[in-house]
Structures are given as structure tokens and as C-alpha cells.
Amino acid sequence: MTIGQRIAALRKAAGLSQEALAAQLGVSRQAIGKWEADASLPGIDNLQELAKTLGASCCLLYTSPSPRDA
């Protein structure tokens, strides 16, 4: 699973649209779309806010779980 896929899954699990998440983070909806499409990565400040907003850790967003965790 890519970082974009993890962001999208966590966003959907939180019941947020791309627009709503973007508004909470103070970024554009297009930025969220690019992150979810793996066309770009959030900077460290956005990553920290993203993790906080989605109730995840920065490490969870950037790393795939090991096969034994599945």
C-alpha cells in the first residue's frame, strides 16, 4: 500500500471528503488529490497535521505494515 492509498483510506475512515480534509489542514483540495494519487508528498508540517487530523502516526503514513502485521 502506498502513502497515497493510506492517506485516502484514513481520510475515508474518518468520514472526510478531500475538501473537508483540505480545509482542516489549510491546503487545497488539489494538494490532497495529489498526495492520494502519489503525485506528490506532503511536507513535514503538513504530514504532522495530516497524521494528527486522521488520528495516525507519521510513521504509519510513510511505512507499510510488515506482512506479519496483516
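This is a predicted model: local features need pLDDT of at least 70, side-chain atom pairs count only at pLDDT 80 or more; totals for chains, interfaces and linings use all residues.
## A polar contact at Glu36

A polar contact of 2.8 Å joins the side chains of Glu36 and Gln18. Glu36 sits in helix α3, while Gln18 belongs to helix α2. Glu36 is buried, with a relative accessible area of 14%. Gln18 is buried too, and its relative accessible area is 17%. Both values fall under the 20% that sets the limit for buried residues.

The surroundings of these two residues can be listed in turn. Leaving out residues up to four places away in sequence, Glu36 touches Gly4, Gln5, Ile7, Ala8, Arg11 and Gln18. With that exclusion applied again, Gln18 touches Arg11, Arg29, Ile32, Gly33 and Glu36.

## Salt bridges

How many salt bridges does the structure hold? There are 2. One of them is formed by Glu36 with Arg11, and the closest N and O atoms of this pair are 2.5 Å apart. Glu36 lies in helix α3 and Arg11 in helix α1, 25 residues apart, and the pair links distant parts of the chain. Arg11 is buried, as is Glu36.

Another salt bridge joins the side chains of Glu19 and Arg29, at 4.0 Å from N to O. Glu19 lies in helix α2 and Arg29 in helix α3, so this pair ties together parts that are 10 residues apart in sequence. Glu19 is partly exposed, with a relative accessible area of 47%. Arg29 is also partly exposed, at 31%.

## Packing of α1 against α3

Two packed helices are described by the angle between their axes and the distance between the axes. The axes of α1 and α3 come within 7 Å and cross at roughly 125°. That angle makes α1 oblique to α3. On the α1 side, the contact is made by Gly4, Gln5, Ile7, Ala8 and Arg11. On the α3 side, Ile32, Trp35 and Glu36 take part. The salt-bridge partners Glu36 and Arg11 are thus among the residues of this helix contact.

The buried residues of α3 are Ala31, Ile32, Gly33, Trp35 and Glu36. What covers them includes α1, α2 and α4.

## The nonpolar core

In soluble globular proteins, nonpolar side chains tend to be buried together. Here the largest nonpolar core has 14 residues. Which residues have the most contacts inside this core? They are Ile7, Leu21, Leu25, Ile32, Trp35, Leu50 and Leu61. Helices α1 (3-13), α2 (18-25), α3 (29-36) and α4 (44-54) each supply at least two residues of the core. The helix that gives the most is α4, with 4 residues.

Not counting residues up to four places away in sequence, Ile7 touches Trp35, Glu36, Leu50, Leu54 and Leu61.

## The loop after α3

Asp38 is found in the loop between α3 and α4. Just after α3, this residue takes a positive phi of about 60°. Most residues other than glycine have a negative phi. The value in Asp38 is positive in a residue other than glycine. Is Asp38 buried, exposed or partly exposed? Asp38 is partly exposed, with a relative accessible area of 36%.

## Lys52 on α4

Lys52 has its place in helix α4. Lys52 is exposed, with a relative accessible area of 65%, a value over the 50% that marks exposed residues. Between Lys52 and Lys12 there are 40 residues in sequence and 15 Å in space, taken from C-alpha to C-alpha.

Definitions and conventions: Residues are numbered from 1 along each chain as its sequence is written. Side-chain values use heavy atoms; hydrogens and water are left out. A nonpolar core is a set of buried Ala, Val, Leu, Ile, Met, Phe, Trp, Tyr and Cys residues joined through side-chain atoms within 4.5 Å. Buried means under 20% relative accessible area, exposed over 50%, partly exposed in between (1.4 Å probe, protein chains only). Contact means heavy atoms within 4.5 Å. A polar contact is a pair of N or O atoms within 3.5 Å; within protein, one must be able to donate a hydrogen and the other to accept it, and residues adjacent in sequence count only if both atoms are side-chain atoms. Axes are lines fitted to C-alpha atoms, for helices over the stretch in contact, and angles run from 0 to 180 degrees between N-to-C directions. Angles under 35 degrees count as roughly parallel, over 145 as roughly antiparallel, 65 to 115 as roughly perpendicular and the rest as oblique.
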